[in-house]
Amino acid sequence: MPSRRVVVGLHPVRELLRAGREVHEIHIADSRGGSDTLDDIVRLAGERGVVVHESPRDRVDDLGEGLVHQGVVAFAPPFRYATLDEAIAAVPDDEPALFVALDRITDPMNLGSIARTAEAAGAHGVIVPERRAAGVTPTVEKAAAGALAHLALVQVVNFVRALRTLGEAGIWSVGLDGDAPSSLYDSPLLTEPLVLVAGSEGKGLARSSHVQCDVVVSLPMRGQVGSLNASVATAVALFEVVRART
């Protein structure tokens, strides 16, 4: 395991600092123009005692490992996944749990986008399998726009067992499947503690995950396109849960 990770981009770096996460050092390109977000980074780094280097642009390009870094690259300790027990225990007593479980999502951009939406919707964590699925990379953190500094990301060895564990904790599993006859909008479970289970980009929910879900629902589609991108479908579902709970 690497001794440090690269975090690139204005928002991911700022959110690390805002969340009080450990940051080793920050490099800002000397050609980078000013912005309110950059001012926040410099101020927060100063408050936290994090060294900020003004570095040549080509040096920042090298440190950013070819990613779109917006002139800001930070180094931080390796990413720490939360355990499922930690994520469940962290749910406030006065809120119904809301988790997202991603069944073999392999696209890093989708994982990052879903994490960003989940955090914005007030979800308590995102659960991913350890194998045959995207994990945290600089691309994921950039796409998440800082959400992973605030959101529990749980990596599990056995995805179906994780759904079972959530069920034992009183959390319903609601699977998303475009072919399901029942609509998400009609589900009575949206105000209950639940985990939204989304399938892979190409194949949808695995049969084992489908069977483990308490209910499987679809999003009502009116156009000619048969399905939505995994991150878009999950976003729609998450904010329908928010609407139902508000």
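**A walk through the model**

Guide: Let's start with helix α1, residues 10–18, which is mostly covered, with seven of its nine residues buried. Before we go on, this is a predicted model, where local features need pLDDT of at least 70, side-chain atom pairs count only at pLDDT 80 or more, and totals for chains, interfaces and linings use all residues. Residues are numbered from 1 along each chain as its sequence is written, and side-chain values use heavy atoms, leaving out hydrogens and water.

Visitor: What makes a run of residues a helix or a strand here?

Guide: Both are DSSP runs: a helix is H or I with at least four residues, a strand is E with at least two, and they are numbered from the N terminus. The buried residues of α1 are L10, P12, V13, R14, E15, L16 and L17. They pack against β1 (5–8), β2 (25–29), α2 (36–48), β4 (72–76) and α6 (138–144). Just after α1 comes G20, with a positive phi of about 80 degrees.

Visitor: Why is N110 called buried?

Guide: Buried means under 20% relative accessible area, exposed means over 50%, and partly exposed is in between (1.4 Å probe, protein chains only). N110 has 6% relative accessibility, so it counts as buried. You'll find N110 in helix α5, residues 108–120.

Visitor: Which side chain makes a polar contact with the side chain of N110 at 3.4 Å?

Guide: There are the side chains of N229 (3.4 Å) and S231 (3.4 Å). A polar contact is a pair of N or O atoms within 3.5 Å; within protein, one must be able to donate a hydrogen and the other to accept it, and residues adjacent in sequence count only if both atoms are side-chain atoms.

Visitor: Why does I105 count as buried?

Guide: I105 counts as buried because its relative accessibility is 3%. Its place is in the loop between β5 and α5. The C-alpha atoms of I105 and S200 are separated by 4.7 Å, though the two are 95 residues apart along the chain.

Visitor: And why is L98 counted as buried?

Guide: L98 has 2% relative accessibility, so it counts as buried. This residue is in strand β5. Leaving aside neighbours within four places in sequence, L98 is in contact (heavy atoms within 4.5 Å) with A121, A123, H124, G125, L194, L238, V241 and R245.

Visitor: What makes a set of residues a nonpolar core?

Guide: The members are buried Ala, Val, Leu, Ile, Met, Phe, Trp, Tyr and Cys residues, joined through side-chain atoms within 4.5 Å. The largest one has 36 residues, and L102, V126, L148 and L196 have the most contacts inside it. Helix α9 gives the most to this core, with five residues. Apart from it lies another core, of 21 residues, among them A87, V91, A180 and V216. In soluble globular proteins, nonpolar side chains tend to be buried together.

Visitor: How much space lies in the largest pocket?

Guide: About 500 Å³. Helix α9 (residues 230–245) gives the most to its lining, with three residues. On a 1 Å grid over the protein atoms alone, a pocket is an open set of points where a 1.4 Å probe fits, with protein on both sides within 12 Å along at least five of seven lines; lining residues have an atom within 4 Å of a point. Grid points are joined across faces, edges and corners, and the volume is the space filled by probe spheres set on them.
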